[in-house]
Amino acid sequence: MGIRFPTILAKKILRRSSTSIDVSKGFLAVYVGETEKKRFVVPVSYINQPSFQELLSKAEEEFGFDHPMGGLTIPCGEDTFISVTSRINRL
């Protein structure tokens, strides 16, 4: 069972991660990696997916809402992130 994020929490995430001018409407930038960060642009709709919410919970535990890269930083391996987002794409 996934974690359901309150609307206010989702808005904070979106506000913090969508400040870059090179991110299209309906998408957000995330930085993924445990040491070296790689930037990905993902659909906002991912926020509602339980597997992506688990990654967001991990990010919240480590960084709160003060993300060092300016966008949302997810502290997991790139392979894990790609695996999670690939499963979401197949839904």
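1. A word on terms to start: contact here means heavy atoms within 4.5 Å. With that cut-off, and leaving aside neighbours within four places in sequence, V30 is in contact with K38, R39, F40, V42, F52, L72, I74 and F81. V30 will come up again below.

2. Please keep in mind that this is a predicted model, in which local features need pLDDT of at least 70 and side-chain atom pairs count only at pLDDT 80 or more, while totals for chains, interfaces and linings use all residues. Residues are numbered from 1 along each chain as its sequence is written, and side-chain values use heavy atoms, with hydrogens and water left out.

3. On confidence: pLDDT is the predictor's confidence in each residue, from 0 to 100. The chain averages 78, and 70% of the residues score at least 70. Helices (H or I, at least four residues) and strands (E, at least two) are DSSP runs, numbered from the N terminus. Among these elements, helix α1 (residues 7-17) has the lowest mean pLDDT, 51, whereas α3 has the highest, 93.

4. Now the sheet. Two strands pair if DSSP finds at least two bridges between them. Here 3 strands form an open, mixed sheet in the order β2-β1-β3. Its edges are β2 and β3, each of which pairs on one side only. From one strand to the next, the twist averages 35°. β1 and β2 run antiparallel and are joined by 6 bridges; within this pairing, V30 has F40 of β2 as its bridge partner.

5. Two helices pack on this sheet. For the angles, axes are lines fitted to C-alpha atoms, for helices over the stretch in contact, and angles run from 0 to 180 degrees between N-to-C directions. α2 touches β1, β2 and β3, and its direction makes about 100° with that of β3. α3 also touches β1, β2 and β3, with its direction at about 10° to that of β2.

6. The core deserves a look. A nonpolar core is a set of buried Ala, Val, Leu, Ile, Met, Phe, Trp, Tyr and Cys residues joined through side-chain atoms within 4.5 Å. The largest one has 17 residues, of which V30, V32, V42, F52, L55, I74 and F81 touch the most other members. At least two residues each come from β1 (27-32), β2 (38-43), α2 (50-63), β3 (72-74) and α3 (78-89), and α2 gives the largest share, 4 residues. In soluble globular proteins, nonpolar side chains tend to be buried together.

7. Rings of Phe, Tyr and Trp (its six-membered ring) pair if their centres lie within 6.5 Å; planes under 30 degrees apart count as stacked, over 60 as edge-to-face and the rest as tilted. The whole structure holds 3 such pairs. One of them, F40 with F81, is tilted, at 4.9 Å centre to centre and 45° between the planes. This pair links strand β2 to helix α3 across 41 residues. Ring pairs join F40, Y46, F52 and F81 into a cluster.

8. Finally, accessibility: buried means under 20% relative accessible area, exposed over 50%, partly exposed in between (1.4 Å probe, protein chains only). F40 counts as buried because its relative accessibility is 17%, and F81 is buried at 1%. L91, in the segment after α3, is exposed because its relative accessibility is 76%. P50, in helix α2, is partly exposed at 39%. The C-alpha atoms of P50 and I88, 38 residues apart along the chain, are separated by 9.4 Å.
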